[in-house]
Amino acid sequence: MSAPTKPSMTRPTTVDQIPKDLAEWDQWAHWDWEWSPDKEKWQKPCFRIDGVRAGSTDPAILAPINRALATLNGRARGLSFVLTEQDPYCGIDLDHCLDANGTIKPWAVKLLAKFPFTYIEITPSGDGLRVWVRADLMPLTGGRGRSKLYHDGKVEVYDRGRHFTFTGRPFRGAPLEIEDHQAEVEWLLREIGALTADGSQASTEKQQPAWPHLTGEELEQALRKVQALRQEDPQFNALWNGGFFRSKDGRDDPSGGDLSVCNKLAYHLEMSAAEIDAVFRQSERMRAKWDNVHHSDGTTYGQGTITKAVDWARRKLAERGEEVEAGARPEAQQSNEAGNKTTKKKPAVEARTKLVVPKTMEELNMVAIFRDNGVQWARFVKTTEQFFGYTVDGRRVTWLASEHLLKFDKSQAYMFNDLGVTLPTPPLRTIKTTWEPIAAAMRKLASEVHCSDGANEVSELLPLAFERAGRRARPQTKDDLLAVLATLRSWVRDPYADMASTQIAPPCVFLWDGRCFVHSRVFREWASLPKVTSRFMAMRDVGRDLEGLGFSMQRQFSAGHGKGRIQADLWIGPADILRFVPDLDADNEVEWDDGVTDVTAVTA
């Protein structure tokens with residue numbers, strides 16, 4: 001059948017329509033509607049922000065929110081958030097849970113009651129909802145997502161390896177906050193039948209593959225062969241990345257694409273079922289169906305596909321006059337007349353050039369991988385949880401953990417996101433000997449920032465922030481107030497630009513109209529700096545503690561004067577929380593200095 005009219009596209013236009021929790025992560029991409037004749041429905045493939053189609057597990061697809069939004073201009077595409085192992089988020093899809101009038105169906109009411117204070121939005125189809133929470137599927141399902149039919153709809157739960165479309169259409173005024181719901185997600189998985197009563201994975205859903213597990217070295221060797229095949233065969237590479245496979249009648253045939261990939265793998269991986277299975281799981285074609293029981297004898301869809309592929313490879317080799325047992329490399333098979341043994345050719349030993357490990361910043365910048373790509377480092381800063389690299393031209397790369405430096409794929413993704421630079425990938429066989437010494441040198445050259453104040457409680461940190469902000473924390477006029485809020489907006493964009501700023505806090509705690517105001521997000525960021533406190537503060541902990549101190553949230557607190565107007569989500573509470581600040585009414589604070597010279601220009 002011909003494709004029906006393309007559905008409409010809904011997407012956010014500004015970052016203010018996105019939960020700040022998600023906006024802080026550089027994991028954004030694009031998506032578009034694409035008709036699938038085989039399934040006779042519209043699908044939503046993922047695209048890089050430069051318009052190239054890519055899989056959701058490709059590190060090069062990740063981009064900051066500002067770049068993702070900016071590159072949507074002029075394109076009829078939507079916005080996606082890519083879930084990875086690094087972020088703490090989990091997406092829950094409730095498909096077909098809204099009727100034609102937008103009313104929640106009874107089965108969905110029960111599920112949504114478990115998630116009352118987190119962000120929920122309407123999906124692109126218009127009849128589904130997506131619930132965003134903080135949860136980890138690793139202890140529940142081993143990190144695997146779950147998709148289950150439920151009443152007349154379907155429930156899907158994923159926390160990695162998927163891109164989730166983002167419409168920016170909050171459902172019934174849902175808050176732009178993402179809450180922690182680990183226990184509720186476990187309950188949900190049990191409710192839809194994805195977990196048994198004791199919390200283990202439901203045994204009726206999937207069967208584990210019968211092939212033996214490969215060691216890390218064996219898998220690495222197999223992936224090297226596949227990498228070479230992908231470079232030599234563009235058609236195979238396209239299928240590997242999840243591309244469409246057309247059947248003889250011109251219809252999209254996903255199963256045919258799976259078999260085509262496995263045929264190639266069987267031929268080049270010595271017909272080793274274990275290697276074919278392990279390698280296929282690394283491709284963009286891997287989906288839940290692979291491990292589902294698909295045949296009457298109890299074998300899975302993946303096992304059946306591999307069996308067909310091995311048979312195909314054996315026939316091809318027979319046509320060439322070669323008789324090869326599964327698991328033996330065709331090109332290397334040799335006949336030994338004395339013992340009729342099969343041996344393999346040993347690869348030639350390649351000469352290796354010893355890497356000179358850089359010991360200074362100058363030597364590091366002379367390493368070819370940086371020098372030839374225009375990356376020149378100025379300094380590195382290491383904290384208890386994060387690692388920062390600053391270039392000589394003022395740009396910054398933020399790694400979520402210093403350990404991520406040692407893994408080239410993660411380092412590549414972070415540098416691509418923050419610098420827009422794609423470094424050449426070292427050969428897999430030498431990546432540990434070429435990249436890890438460089439990354440280790442970067443860590444040694446970093447200056448370490450330690451905790452100094454030791455304050456951990458919100459009740460202690462509020463007066464500390466107020467005192468350090470000085471006069472800025474005591475606006476007298478509306479122009480002063482606008483300048484305070486403009487300063488906060490600027491600080492949110494790059495809170496780690498200067499570690500020394502912890503000694504002069506942003507005015508995230510200020511007095512206005514006889515009450516204490518707290519910009520909780522900026523306060524959390526500032527308080528989590530290593531020089532302020534010894535731990536990373538979660539938003540839910542800050543909100544809980546502020547409520548305990550008598551504060552209440554006022555969303556979209558607005559202040560304006562003339563053409564200038566700015567809004568912020570603020571907590572408002574009693575001013576006596578600042579009673580520990582010495583000389584509260586003194587006039588000898590530091591002069592106003594927030595870098596704002598034209599409030600109207602900043603806030604208009």
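Student: Which residues are linked in a network of salt bridges?
Tutor: In this predicted model, the network of salt bridges links Asp21, Glu24, Arg134, Glu177, Arg521 and Arg524.

Student: Okay, take Glu24 and Arg524, how far apart are the closest N and O atoms?
Tutor: The closest N and O atoms of Glu24 and Arg524 are 3.7 Å apart, and the two residues form a salt bridge. This pair links distant parts of the chain, 500 residues apart, since Glu24 sits in the loop between helix H1 (20-23) and strand E1 (28-31), while Arg524 belongs to helix H18 (residues 520-527).

Student: And is Arg524 buried or exposed?
Tutor: Arg524 counts as buried, because its relative accessibility is 2%, whereas Glu24 is partly exposed, with a relative accessible area of 39%.

Student: Switching topic, which residue does Arg77 form a salt bridge with?
Tutor: Arg77 forms a salt bridge with Asp32, and here the closest N and O atoms are 3.7 Å apart. Arg77 lies in the loop between helix H2 (65-70) and strand E5 (78-83), and Asp32 in the loop between E1 and strand E2 (34-36), so the pair ties together parts that are 45 residues apart in sequence.

Student: Why does Arg77 count as buried?
Tutor: Arg77 counts as buried because its relative accessibility is 16%, which falls under the 20% cut-off; Asp32 is buried as well, with a relative accessible area of 12%.

Student: What about Arg160 and Asp159, buried or exposed?
Tutor: Both Arg160 and Asp159 are buried, and they form a salt bridge in which the closest N and O atoms are 2.9 Å apart.

Student: Last one, how many salt bridges does the count come to?
Tutor: The count comes to 27 salt bridges.

Technical notes: Residues are numbered from 1 along each chain as its sequence is written. This is a predicted model: local features need pLDDT of at least 70, side-chain atom pairs count only at pLDDT 80 or more; totals for chains, interfaces and linings use all residues. Side-chain values use heavy atoms; hydrogens and water are left out. A salt bridge is a side-chain nitrogen of Lys or Arg within 4 Å of a carboxyl oxygen of Asp or Glu. Helices (H or I, at least four residues) and strands (E, at least two) are DSSP runs, numbered from the N terminus. Buried means under 20% relative accessible area, exposed over 50%, partly exposed in between (1.4 Å probe, protein chains only).
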